[in-house]
Amino acid sequence: MAPPISNAHLAMAIFIGAELMLFTGLMGAHVFLRYGGSEWPPAGQPRLAVAATAANSVALLLSALTMRGAWAGFRSGSRRRLRRNLALTAGLGAVFLALQGREWLRLVAHGLSLGSAYGSTFAALIGLHGLHVLGAVAWLLLVLWKSARWRYSARRHVEAELCAMYWMFVCGLWILLFGLVYLG
Amino acid sequence: MRRIGRFIVGLAGAALGSSLSSPEVLAQGCAMCRMAVQSPDDPLVKGINLSVVLMVAMPFAVVGGIGGWVVMAYRRAHSRAPFSGGASPGLSAPGTETSATTEEQP
């Protein structure tokens with residue numbers, strides 16, 4: 001009898017756990033500096049755009065829904081559904097990245113100092129998450145390209161499922177980070 | 001193998017030895033933190049406490065989450081085994097699913 005969880009899925013879960021611990025270390029530093037200081041954000045540093053980022057978060061959360069649709073596509077073997085949902089997911093991820101990039105440029109233009117505790121924790125947490133989203137979008141595009149070349153079927157789609165797991169992690173992590181950095 | 005065993009025994013001995021030391025001796029390595037934590041009104045204390053809670057809770061959440069997922073998957077597979085002869089399609093090893101491929105032409 002085959003194991004209920006394949007080695008690849010288990011390895012991805014452990015990898016995601018390790019990634020979560022990496023972010024936990026950074027979140028711990030942020031919490032320490034945020035609540036250990038008297039004034040946050042420090043004087044002279046720009047405020048974060050909560051409303052614009054909340055709207056941007058909706059794009060990322062919508063991409064989790066479209067990824068769920070793609071997941072259903074892998075399992076049923078429906079290539080059209082898979083490709084449509086993967087393309088939508090990658091598009092929403094790209095929108096998220098573009099809006100985050102614009103927000104970064106605005107903050108830097110308003111004098112965000114990456115040398116300060118405020119700026120460095122923001123850059124470490126949000127920047128590292130952005131790099132993860134960028135990597136996940138690249139992986140999604142690879143999966144999309146492979147699905148266009150008929151590389152997956154209802155029986156063979158492990159790589160696509162791993163990509164979906166990673167994407168769900170990136171989306172779930174953003175909820176934590178948004179709550180901590182923007183609303184905390 | 002014997003080397004690894006010696007290493008583990010040595011590590012356990014060191015941990016036991018350090019746990020037998022008095023709190024004053026252990027706290028010497030972190031004198032600044034100790035002084036800061038002794039003043040409860042200091043916002044630094046709140047920062048340290050929240051940070052410690054977050055970093056202590058997360059490993060339990062990660063290990064518990066992955067462990068719970070594995071246990072649930074095995075339980076589900078075990079409960080389905082007499083009827084379908086295998087695990088749920090989404091979690092089984094590649095090439096073991098039983099669902100048919102309904103490939104749509106573009």
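Start at the second largest cavity of this predicted model, which has a volume of about 30 Å³. To display its lining, select A:His30, A:Trp40, A:Leu48, A:Tyr118, A:Thr121, A:Phe122 and A:Val181. Five of these lining residues are nonpolar, two are polar and none is charged. Helix α4(A) contributes the most to this lining, with three residues.

The peptide bond between A:Trp40 and A:Pro41 is cis, with omega at about 0°. Most peptide bonds are trans. A:Pro41 sits in the loop between α1 and α2 of chain A.

Now show chain A as a cartoon. Chain A has five helices and zero strands, and along the sequence its pattern reads α-α-α-α-α. Its C-alpha trace spans about 60 × 35 × 20 Å along the principal axes.

Select residues 7–36 of chain A, which form helix α1, and residues 117–148 of chain A, which form helix α4. Their axes are 8 Å apart and the packing angle is about 160°. Angles over 145 degrees count as roughly antiparallel, so α1(A) is roughly antiparallel to α4(A). The crossing of α1(A) with α4(A) is left-handed.

On α1(A), pick A:Met12, A:Glu19, A:Leu22, A:Phe23, A:Leu26, A:Met27, A:His30 and A:Leu33. On α4(A), pick A:Ala117, A:Thr121, A:Ala124, A:Leu125, A:Leu128, A:His129, A:His132 and A:Trp139. By class, the contact of α1(A) with α4(A) has 11 nonpolar, four polar and one charged residues.

Move on to α2, residues 50–76 of chain A, and α3, residues 79–109 of chain A. These two helices pack at an angle of about 160°, and their axes lie 8 Å apart. That angle makes α2(A) roughly antiparallel to α3(A). The contact of α2(A) with α3(A) includes 14 nonpolar residues, nine polar ones and two charged ones. In handedness, α2(A) passes α3(A) in a left-handed crossing.

The axes of α2(A) and α5(A) come within 10 Å and cross at roughly 160°. Here too the angle makes the pair, α2(A) and α5(A), roughly antiparallel. Their crossing is left-handed. The residues in the contact of α2(A) with α5(A) are 21 nonpolar, three polar and three charged.

Next, go to the largest cavity. How many cavities of 30 Å³ or more are there? The count comes to two, and the largest has a volume of about 50 Å³. Select A:Gly73, A:Phe74, A:Gly77, A:Arg79, A:Leu82, A:Tyr152, A:Ser153 and A:His157 to see its lining. Helices α2 and α3 of chain A each supply at least two residues of this lining. Three residues of the lining are nonpolar, four are polar and one is charged.

Which of its 15 lining residues lie nearest the centre? They are A:Ala13, A:Ile16, A:Met165, B:Ile66 and B:Trp69. The lining divides into 11 nonpolar, three polar and one charged residues.

Methods:
Residues are numbered from 1 along each chain as its sequence is written. Chains are lettered from A and ligands numbered from 1 in the order in which they are written. This is a predicted model: local features need pLDDT of at least 70, side-chain atom pairs count only at pLDDT 80 or more; totals for chains, interfaces and linings use all residues. Side-chain values use heavy atoms; hydrogens and water are left out. Axes are lines fitted to C-alpha atoms, for helices over the stretch in contact, and angles run from 0 to 180 degrees between N-to-C directions. Helices (H or I, at least four residues) and strands (E, at least two) are DSSP runs, numbered from the N terminus. Angles under 35 degrees count as roughly parallel, over 145 as roughly antiparallel, 65 to 115 as roughly perpendicular and the rest as oblique. A crossing is left-handed if the near helix is turned anticlockwise from the far one by less than a right angle, and right-handed if clockwise. Ala, Val, Leu, Ile, Met, Phe, Trp, Tyr, Cys and Pro count as nonpolar, Asp, Glu, Lys and Arg as charged, and the others, Gly among them, as polar. Contact means heavy atoms within 4.5 Å. On a 1 Å grid over the protein atoms alone, a cavity is a set of points where a 1.4 Å probe fits but cannot get out, and a pocket is an open set with protein on both sides within 12 Å along at least five of seven lines; lining residues have an atom within 4 Å of a point. Grid points are joined across faces, edges and corners, and a volume is the space filled by probe spheres set on the points.
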